[in-house]
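Subject: Structure handover

Hello,

My notes on it follow below.

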Amino acid sequence: MGLFDFFKAKGGASGDAQEKALLRHAERVLDKRAMSPDRFASIEYLCRLGTEEAWRALLPRYNFTVDPTITDREEKGYILEAISNAGESAVGPVKEYLLKTNSVNWPLKMLRALVSEEEFVSEMVDILSREDTNYQKNPERKIQAIIALEELQDPRVADALLPFLDDVSEDARFHTVRTILAQDAPSTADALLELLAREDSMRIKTTLADGLHERGWPCSEAAREKVAAVLPRLPNGPFSFDADGALKRAGRR
């Protein structure tokens, strides 16, 4: 059932005036060919209405752009502010939208404003649990969810991200490495070191080496053996290991 089918079914053939108005304004918000003042008036109406159905009608506006770009930014910014300040009525619609769209930057900002840090992490972990590491035409939702976790420290994050060290997308692997390194997770040292041994991307290799060196996380002997041949060739090295198995730059204690 599409968005407008949902509204029609809810209102019925003889739905009340508010439901009919909601449907009319929802259609106009998603009409790229509508005059911008008319479309903005519909956006304002739905924001003032402030119901779950109104937020559901507004969120798909992020699926397309209009000209001129300043108008596009103004409309999206207005919706962002309204939903971010809407409270509980907007949480469900934003979560639903995140699971079905690749245009995630705006709704991620909304959700971060609407819920606690703990709930936000839970939602990102849930989104990532639905993703895999195979080729995707558009991996943006997965990548943005990983990036969103980089600024937060939570014991659930590292375990949720470990599978994405093997992602087909180089961007996904890169941001996975950055986010894991941002956690207090020394138990991931072996997995990160083993990625360094097999990784082709130089930006990932240098990020891994710098990150492990800065954190001083000890690595197992087995993991150290796998990466031994790589360490002398890194442009930000060379690296070796100290007596505790932590990565260090050669010649430094």
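P68 lies in the loop that joins α4 (52–58) to α5 (69–84). Helices (H or I, at least four residues) and strands (E, at least two) are DSSP runs, numbered from the N terminus. The model is predicted: local features need pLDDT of at least 70, side-chain atom pairs count only at pLDDT 80 or more, and totals for chains, interfaces and linings use all residues. Residues are numbered from 1 along each chain as its sequence is written, and side-chain values use heavy atoms, with hydrogens and water left out.

Cis peptides

Another cis bond runs from G237 to P238, with omega near 0°. P238 also sits in a loop, between α14 (221–227) and β1 (239–241).

The core

The largest nonpolar core has 64 residues. A nonpolar core here is a set of buried Ala, Val, Leu, Ile, Met, Phe, Trp, Tyr and Cys residues, joined through side-chain atoms within 4.5 Å. Buried means under 20% relative accessible area, exposed over 50%, and partly exposed in between (1.4 Å probe, protein chains only). In soluble globular proteins, nonpolar side chains tend to be buried together.

Which core residues touch the most other members? I83 and M124 do. Setting aside residues up to four places away in sequence, M124 touches L98, L108, L111, A145, A148 and L149. Contact means heavy atoms within 4.5 Å.

α2 against α3

Helix α2 covers residues 17–29 and helix α3 covers residues 36–49. The two pack at an angle of about 135°, and their axes are 8 Å apart. That angle makes α2 oblique to α3. The cut-offs: under 35 degrees is roughly parallel, over 145 roughly antiparallel, 65 to 115 roughly perpendicular, and the rest oblique. Axes are lines fitted to C-alpha atoms, for helices over the stretch in contact, and angles run from 0 to 180 degrees between N-to-C directions.

The α2/α3 crossing is left-handed. That means the near helix is turned anticlockwise from the far one by less than a right angle; clockwise would be right-handed. From α2, the contact uses Q18, A21, L22, H25, A26, R28 and V29. From α3, it uses D38, R39, S42, I43, Y45, L46 and L49. The contact residues divide into eight nonpolar, three polar and three charged. Ala, Val, Leu, Ile, Met, Phe, Trp, Tyr, Cys and Pro count as nonpolar, Asp, Glu, Lys and Arg as charged, and the others, Gly among them, as polar.

Two residues of this contact deserve a line each. A21, in α2, has a relative accessible area of 10%, so A21 is buried. A21 and L46 are 25 residues apart along the chain, with C-alpha atoms separated by 9.5 Å. L49, in α3, is at 19% relative accessibility and so counts as buried. L49 contacts Q18, L22 and A54, leaving aside neighbours within four places in sequence. L49 and Q18 are 31 residues apart in sequence and 9.4 Å apart in space, C-alpha to C-alpha.

Helix α6 (residues 88–98) and helix α7 (residues 105–114) cross at roughly 145°, and their axes come within 10 Å. The crossing is left-handed. A90, V91, V94, K95, Y97 and L98 of α6 meet P107, L108, M110, L111 and L114 of α7. The tally is 10 nonpolar, no polar and one charged.

What is buried in α6? A90, V91, P93, V94, Y97 and L98. These buried residues pack against α4, α5, α7, α8 (117–129) and α9 (140–150).

The axes of α7 and α8 come within 8 Å and also cross at roughly 145°. L108, L111 and R112 of α7 meet E117, F120, E123 and M124 of α8.

S84 is in α5 and counts as buried, at 16% relative accessibility. Its contacts beyond four places in sequence are K109, M110, A113 and L114. The C-alpha atoms of S84 and L59 are 12 Å apart, across 25 residues of chain.

T206 is in helix α13 (residues 202–215). T206 is buried too, at 18% relative accessible area. Apart from its neighbours within four places in sequence, T206 is in contact with P235 and N236.

Best regards
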